[in-house]
Amino acid sequence: MDVLSSLLLVLFVVGYLVLAGADVGLGMLMPRVARGPGQRRRVVAAIAPYFLATEVWLVALVGVLAGMFPSVEHHVVERLWPVLPALAAGLLVRDAGLWLRSRVPGAAWAALWDGAVVAGSWTLALSWGWILAALIAGDAGATLFTVPCALTVAALFALRGAAFGAERLVGESDAESADVAARDTRRIAAAALAGCLVTAAAAVPVAGVGAAALLPAVLLAACLAATAGLSGPMLSRHTSAVAIAVPGVLVAVAGGLPVAPIPEATAVLVWSVLTPAIPVMLIGQVWLYRMTRRPSPAPGFFA
């Protein structure tokens, strides 16, 4: 039961990163891929179906963490409390931008909340990068490992967003946005690969980062190297998803988290609640993932 519960926690972390990478990453790139009001509305319309589904995975992740892994939760809060408020602020600002940008007509109002989407997305990506780096290193301070690791994770978010935008922004009036996003997949992948090399060099003296992290790290480097050589979206939709999932796996295998035995009664209670919901969440994730093959619809409620 403990092994299944641990795998479930990793699944929720990976599922959140893959989904969040799409909407957070595209929000980070909005100033580059969307130069006019119409293009910015299209970007928001492309993000809209994803950010609500992403937060379902985040809620499930927090619930499993608090319900079955209280020692890990205490460790995370104790070590990362300076970063967690920034993460919460980024989430609130980004979501406020998405919800409010079209509530009042006017260019100034839309520009204000477009800025909130961009700022919140960057804050989210950097905060998650810092959290994952700190969990691997066991230190939330600015070190030679945590800084390049956090920046590399942020680059992985941007890569996922570029691959997402290369397909979701296709359209007669927005072809330029999709083309810019497609070209950026190669540039961002190359930058992320360089960041991985710097982070790997800095990880050598970090306690706990050893042979267990080798296979995920090689997989990440292979995905980034492949993406850097792709022309246009092609397989970047898949390679970027694998790349953003790897940091979550690295935390599980190299983070040295204080996992305590789960009381049987607690495990039974939590699993009885989650068992009916997990298939629905997985089917929903696959459906949303497949949606990236199609252009986003015309702007609606959120844009």
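**View 1. The lining of the largest pocket holds 23 nonpolar residues, four polar ones and one charged.** Here Ala, Val, Leu, Ile, Met, Phe, Trp, Tyr, Cys and Pro count as nonpolar, Asp, Glu, Lys and Arg as charged, and the others, Gly among them, as polar. This is a predicted model in which local features need pLDDT of at least 70 and side-chain atom pairs count only at pLDDT 80 or more, while totals for chains, interfaces and linings use all residues. Residues are numbered from 1 along each chain as its sequence is written, and side-chain values use heavy atoms, with hydrogens and water left out.

**View 2. Meet the residues around the pocket centre.** Of the 28 lining residues, Val13, Leu61, Leu65, Val76 and Leu135 lie nearest the centre of the largest pocket. Two or more lining residues come from each of α1 (2-28), α3 (37-68), α4 (70-80), α5 (84-100), α6 and α10 (236-254). The biggest giver is α1, with five residues. Helices are DSSP runs (H or I, at least four residues), numbered from the N terminus.

**View 3. Leucine 151 sits in helix α7.**

View 4. Why does threonine 227 count as buried? Its relative accessibility is 0%, and buried means under 20% relative accessible area. Histidine 238 is 11 residues from threonine 227 in sequence, and the two are 9.5 Å apart in space, C-alpha to C-alpha.

Key: 1 Å grid on protein atoms, 1.4 Å probe; cavity = no way out; pocket = protein on both sides within 12 Å on 5 of 7 lines; lining within 4 Å. Buried < 20%, exposed > 50% of the residue type's maximum accessible area, 1.4 Å probe, protein only.
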